[in-house]
Amino acid sequence: MSGSRGFLLVEVVVALLVVTVGLLALAGSAASIARLTGQGRRRAGAGIAAAARLETLRAAGCQALAGGRDSSGFYRLTWTVTTQGTGRVIDLAVEYPDGRLDRRDRFEAIAWCP
Amino acid sequence: MVPVTVARRPTAGATLVELVVALVLGGVVAGAVGVVLHDHQRFYRSESQILDVEEGLRAVVQLLPAELRELDARAGDLVALGRDSVSIRAMRGLAVICAAPDRASGSVVIADSLTYGWRGIDPTRDRALVFRDGDPGTAADDRWLDFTVTSVGAATRCGDGGPGTGLRLAGPTADLDSVAAGSPVRTYERVVYRLYADDQGQSWLGERGYGGGSWSALSPVAGPLRRAGGLAFAFFDSAGAATSDPRAVVRVGITARGLSAAAIDVPGRAASGRPFEDSVAVAVALRNNPGAP
């Protein structure tokens with residue numbers, strides 16, 4: 001750069017490249033926000049599906065507690081019941097598609113048999 | 001002193017060609033920025049619609065189970081069952097009688113130190129269930145007496161001298177004969193939850209209460225929900241079969257379907273151009289049914 005010769009075409013192009021990178025990052029943030037809110041929705045949904053199943057098991061009565069499987073929307077639920085003294089331990093797994101992979105969340109609850 | 005003439009070098013700015021190229025490229029970038037910002041605005045507006053629906057649905061599945069869980073269906077806490085509504089005696093407080101009741105006036109005193117609730121007792125809305133032990137040697141004659149709370153009196157003293165509050169009750173006051181100090185009192189109000197359609201074309205979980213001799217207007221508490229089938233209740237008995245008998249209910253299923261107020265508009269996304277819809281289904285086991293685990 002000799003003296004004050006204004007800017008060169010190369011400089012303009014470099015500046016534009018920098019702006020473009022910034023724009024791409026901005027566009028990418030929207031995609032990740034959409035992905036994260038979707039992920040949050042699915043995970044909260046898994047918790048709600050698990051809670052609904054545990055309430056249903058509880059309502060059926062302690063003596064009727066037994067393992068089993070069920071599905072609710074795209075949530076697949078499987079649960080086992082083990083006896084520990086006067087308590088029953090319910091081990092509940094919820095599987096659901098989460099992005100490219102399936103995710104598996106586990107929940108544990110205890111019911112007392114009077 | 002010899003004057004020196006300095007020849008000024010011509011300072012060349014941008015040439016016209018460079019300026020034109022720069023302006024064109026700048027214009028292209030400004031256009032791209034505009035498109036990205038516009039898309040973003042659309043995206044965030046849509047995303048907030050989606051979050052509103054999710055938030056409303058989660059509020060419904062928090063609120064209704066919290067109200068229903070502590071009910072005792074066999075004692076009549078579920079008053080009426082509907083496909084999109086439920087009428088309940090919603091528990092609002094717990095207290096303990098701390099002096100022998102006065103049957104003639106229907107006056108009882110509750111201990112301030114043992115009074116719990118998420119608000120004070122409101123005679124315009126609340127009724128009181130007083131536990132009557134009857135013969136202390138048997139549980140067969142135990143029952144809850146249902147009273148209207150006529151007034152909540154000024155501070156007074158319990159039988160043991162501790163601070164208490166006087167309640168004036170109307171109802172089966174003659175049965176207060178074997179209600180002694182130590183008997184529990186539960187206060188409740190009559191509440192209906194049902195789907196509420198506003199005049200803007202949106203639907204919500206609506207609540208109304210009974211007080212002062214009449215039902216209040218239905219007011220929205222959570223949503224937005226779908227107008228058709230936005231809120232559905234299902235009631236099940238101990239065998240897991242659907243029931244319409246309020247006293248046989250051991251489990252309540254609640255399905256809420258949310259619908260956004262405006263269409264979402266995210267290019268390339270499924271269901272773009274239509275309102276966002278989602279649903280949740282929860283179940284509640286009534287905890288205070290006799291024999292409930």
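Predicted model: local features only at pLDDT ≥ 70, side-chain atom pairs only at ≥ 80, totals over all residues.

## A cis proline and some ground rules

Pro224(B) is part of strand β11 of chain B, which covers residues 219-225. The peptide bond that leads from Gly223(B) to Pro224(B) is cis, with omega near 5°.

Residues are numbered from 1 along each chain as its sequence is written, chains are lettered from A and ligands numbered from 1 in the order in which they are written, and side-chain values use heavy atoms, with hydrogens and water left out.

## The helix of chain A

Helix α1 of chain A runs over residues 9-60, 52 residues in total. From its first C-alpha to its last it reaches 77 Å, close to the 76 Å expected at 1.5 Å a residue; the expected span is 1.5 Å times one less than the number of residues. After α1(A) comes Gly61(A), with a positive phi near 100°.

## The overall form of chain B

Chain B has one helix and 14 strands. Its radius of gyration is 33 Å, well over the 19 Å that the globule rule gives for 293 residues, so chain B is more spread out than a compact globule. The radius is taken over C-alpha atoms, and the globule rule is 2.2 Å times the number of residues to the power 0.38. Along its principal axes, the C-alpha trace of chain B spans about 125 × 65 × 35 Å.

How much of chain B is buried? Of its 293 residues, 38% count as buried, a word that stands for under 20% relative accessible area, with exposed over 50% and partly exposed in between (1.4 Å probe, protein chains only).

## Strand pairing in chain B

Strands β5 (residues 127-132) and β6 (residues 143-157) of chain B run antiparallel and are joined by six bridges; two strands count as paired if DSSP finds at least two bridges between them. Phe131(B) has Trp144(B) in β6(B) as its bridge partner. On to the next pair: β6(B) is also joined to strand β7 (residues 163-170) of chain B, antiparallel and over seven bridges, and here Thr156(B) stands opposite Gly164(B). The hairpin of β6(B) and β7(B) has five residues between the strands, and Gly161(B) takes a positive phi near 90° there.

Further along, β12 (residues 231-236) and β13 (residues 251-263) of chain B pair in the antiparallel sense over six bridges, with Phe235(B) opposite Val252(B). Strand β13(B) pairs with β14 (residues 275-285) of chain B as well, antiparallel over 10 bridges, and Ala263(B) has Pro275(B) as its bridge partner.

Phe276(B) lies in β14 of chain B and is buried, with a relative accessible area of 10%. Tyr193(B), in strand β8 (residues 184-197) of chain B, counts as buried at 3% relative accessibility. The C-alpha atoms of Tyr193(B) and Glu207(B) are 4.7 Å apart, although 14 residues separate the two along the chain.

## The largest pocket

The largest pocket holds about 460 Å³ of space.

Pockets and cavities are found on a 1 Å grid over the protein atoms alone: a cavity is a set of points where a 1.4 Å probe fits but cannot get out, a pocket is an open set with protein on both sides within 12 Å along at least five of seven lines, and lining residues have an atom within 4 Å of a point. Points are joined across faces, edges and corners, and a volume is the space filled by probe spheres set on them.

## The cavity

There is one cavity of 30 Å³ or more, and about 60 Å³ of space lies in the largest cavity. Its lining includes Arg92(B), Thr115(B), Tyr116(B), Asp126(B) and Thr187(B). Strand β2 (85-96) of chain B gives the most, with four residues.

How values were computed:
Helix = DSSP H or I, 4+ residues; strand = E, 2+ residues; numbered from the N terminus.
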